[in-house]
Amino acid sequence: MPELPEVETTVRGLARYLDGARIARVEQRRADLRRPFPDGLVQVLTGATVSGMGRRAKYGLVHLDRGQTMVFHLGMSGRWRIEPEELGAHDHLVLETEAGHRLSLCDPRRFGSVDLVDSAELETWPRFAAMGPEPLGDALTAAHLKSALAGRSAAIKLMLLDQRIVAGLGNIYVCEALFRAGIDPRKAAGRVSTAALARLVPAIKAVLGEAIEAGGSTLRDYAQPDGQLGYFSKQFDVYDRTGQPCSVCGAPVQRLAQGGRSTWFCARCQK
Ligand SMILES: [Zn+2]
């Protein structure tokens with residue numbers, strides 16, 4: 001599943017072809033992904049110029065000069081193909097720029113989505129309105145976490161996966177950030193000390209930043225936006241490393257289930 005670093009990498013890769021470009025031709029090859037493509041998508045995109053690109057949580061943003069933004073989510077298996085030699089059954093939305101570049105949104109399992117949102121109303125769009133701060137932005141601070149987590153008895157691991165606390169953090173990066181900050185994932189969120197939260201914030205930014213640097217990371221093969229299939233080869237400290245020695249102390253990495261998902265951690269390093 002594409003995580004925030006893959007989405008960021010995708011947006012940066014797409015921007016090389018799309019940012020500032022005029023979209024000359026659009027082909028919508030089916031009616032829906034996870035939900036229907038928006039009414040009028042082809043008409044809105046055709047002839048529009050891309051005035052900027054961005055990301056919010058795990059959503060990619062393509063701002064148009066017509067005052068609307070195309071918001072895409074890659075779901076479980078989505079990716080953008082750059083200059084595909086031929087289109088297949090899973091290429092659902094194809095954009096061609098005036099400069100002749102062809103970009104295709106390919107999504108075999110169709111858990112992804114495409115929406116059109118008024119650019120001026122993005123912050124209040126229902127899927128964004130309740131989201132917490134971007135993990136890589138200045139608004140994610142120890143003070144924000146202290147107040148958002150105050151009095152919460154749920155485990156810190158689970159609270160960090162809550163998009164209202166921090167936007168766009170997935171299982172991999174929560175496990176890695178908690179390890180790096182030396183925080184026990186089972187600890188009640190409201191009981192994590194201010195000093196530990198002050199370690200956690202830079203740990204979150206670092207694990208995400210390193211993954212973006214590495215071109216993103218994922219467990220399954222995933223096409224980089226230059227159209228080449230490949231695995232991102234990011235090494236994790238604890239994620240999916242059950243029984244392997246902790247990189248700091250050598251104790252075996254442990255796995256436990258929290259909220260129906262696996263957590264990996266070092267019981268000796270994380271208190
Ligand atoms: Zn350890």
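Helices (H or I, at least four residues) and strands (E, at least two) are DSSP runs, numbered from the N terminus.

What we have here is a predicted model, in which local features need pLDDT of at least 70 and side-chain atom pairs count only at pLDDT 80 or more, while totals for chains, interfaces and linings use all residues. Residues are numbered from 1 along each chain as its sequence is written, and side-chain values use heavy atoms, with hydrogens and water left out.

Let me start with strand S4, residues 68-73. Six of its six residues are buried, so the strand is largely enclosed by the rest of the structure. Gln-68, Met-70 and Phe-72 point one way, whereas Thr-69, Val-71 and His-73 point the other way.

Which strands pair with S4? Here two strands pair if DSSP finds at least two bridges between them. Strand S3 (residues 59-64) pairs with S4 in the antiparallel sense over five bridges, with Tyr-59 standing opposite His-73. Three residues lie between the strands of this hairpin, and in it Gly-67 takes a positive phi near 85 degrees. Strand S8 (residues 113-118) also runs antiparallel to S4, joined to it by six bridges, and Asp-118 of S8 is the bridge partner of Gln-68.

Now to the nonpolar cores, meaning sets of buried Ala, Val, Leu, Ile, Met, Phe, Trp, Tyr and Cys residues joined through side-chain atoms within 4.5 Å. The largest has 40 residues, of which Leu-145, Leu-149, Ile-156, Tyr-173, Ile-183 and Leu-200 touch the most other members. Helices H4 (142-149), H5 (156-161), H6 (171-181) and H7 (194-213) each supply at least two residues of this core, and H7 gives the most, with 10 residues. A second, separate core of 27 residues includes Leu-45, Met-53, Val-62 and Trp-80.

Helix H6 itself is mostly covered, with 10 of its 11 residues buried, and what covers them includes helix H1 (4-18), H5, H7 and S12. Just after H6, Gly-182 takes a positive phi of about 70 degrees.

Finally, what coordinates the zinc ion? The SG atoms of Cys-246, Cys-249, Cys-266 and Cys-269 do, at 2.2 to 2.4 Å; donors are N, O and S atoms within 2.8 Å of the metal (3.2 Å for Na, K and Ca), and since water is not among the atoms, sites may look incomplete. The four donor atoms subtend angles of 99 to 114 degrees, which makes the arrangement tetrahedral, a label that requires all angles to lie between 85 and 135 degrees. Cys-246 lies in the loop between strands S10 (229-230) and S11 (254-258) and Cys-269 in the segment after strand S12 (261-265), so the pair ties together parts that are 23 residues apart in sequence.

Technical notes. Four donors count as tetrahedral if all angles lie between 85 and 135 degrees; four count as square planar and six as octahedral if opposite donors are over 155 degrees apart and all others between 65 and 115; anything else is irregular. Buried means under 20% relative accessible area, exposed over 50%, partly exposed in between (1.4 Å probe, protein chains only). Contact means heavy atoms within 4.5 Å.
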